[in-house]
Amino acid sequence: MKTIKVAPSILSADFASLLEDVQRMEKAGADWLHVDVMDGHFVPNITLGPLIVEALHPHTGLFLDVHLMIERPERFIPAFSRAGADLLCVHAEACVHLNRVIQMIRDAGCQTGVALNPATPPGVLDYTLESLDLVLVMSVNPGFAGQNFISSTLAKIEKLAGMREERNLDFLIQVDGGINEQTAASVIQAGADVLVAGSALFGNDQPARVMQAFREMARHEKNV
């Protein structure tokens, strides 16, 4: 029986009552909290920084999964680590020296993740997979919440799951973008372990029901 983790993305939260929204997700049964950091350069939007992570950290027991959609992410690894991030995920496309950045994250005491944009093939991680705790497959082009799922990314999830099995590795496969009750089943079937969902959870008055629906989908899938 396959199990998954659910990671609500605070990009879709009500920032006027952010803590209340986060605690609502925690009460509903979330496993992780996904924090989208954007710099207005790597992606065409500006969002959050270390201060938000630092403010939330004392008030939630959720695993803080910080997704750095920024140029030169190595500049901010120490600040996010000090703020309380549990995992730092950088974009392969944003790192000139990816191995070095991965090691910096590990040295800072955080779990390591690398994200791939929809058009980036999984082969770019051939020489780093053994060092990773997580690979994030972007199923929309990053930068904005509420986009539609790109179905061609399913093949990438399957490819990563196959690479993991062939190499006897244990990194998690996370999927972010357009995840809802219509798309989650195919993502889980392809091999995803962690589902990031924004508007499907924060925009729903019954987030616990949606999370339960995701988990029921996983229970009906064979282990990949």
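Colleague: What makes cysteine 89 count as buried?

Modeller: This is a predicted model. In it, cysteine 89 has a relative accessible area of 0%. Buried means under 20%, so cysteine 89 is buried.

Colleague: And why is cysteine 95 called buried?

Modeller: The relative accessible area of cysteine 95 is 10%. The cut-off is under 20%, so cysteine 95 is buried.

Colleague: How do you know how many disulfides there are?

Modeller: A disulfide is a covalent bond between the sulfur atoms of two cysteines. Here a pair of sulfur atoms must lie within 2.5 Å. The count by this rule is zero. For cysteine 89, the nearest cysteine sulfur belongs to cysteine 95 and is 9.6 Å away. Cysteine 95 is in no disulfide either, its nearest cysteine sulfur being that of cysteine 89.

Colleague: What makes strand β7 largely enclosed by the rest of the structure?

Modeller: Strand β7 covers residues 172–176. Four of its five residues are buried, so the rest of the structure largely encloses it.

Colleague: How do you know which strands pair with β7?

Modeller: Pairing takes at least two bridges. Strand β6, residues 134–138, has five bridges to β7, in the parallel sense. There, leucine 136 stands opposite glutamine 174. Strand β8, residues 194–197, has three bridges to β7 and also runs parallel to it. Valine 175 stands opposite leucine 195 there. Both counts meet the cut-off, so both strands pair with β7.

Colleague: What lies between β7 and β8 in their β-α-β unit?

Modeller: Helix α6, residues 184–190. The unit is right-handed.

Conventions
Residues are numbered from 1 along each chain as its sequence is written. This is a predicted model: local features need pLDDT of at least 70, side-chain atom pairs count only at pLDDT 80 or more; totals for chains, interfaces and linings use all residues. Side-chain values use heavy atoms; hydrogens and water are left out. Buried means under 20% relative accessible area, exposed over 50%, partly exposed in between (1.4 Å probe, protein chains only). Helices (H or I, at least four residues) and strands (E, at least two) are DSSP runs, numbered from the N terminus. A crossover is right-handed if, with the strands pointing away from the viewer, the path from the first strand over the helix to the second runs clockwise.
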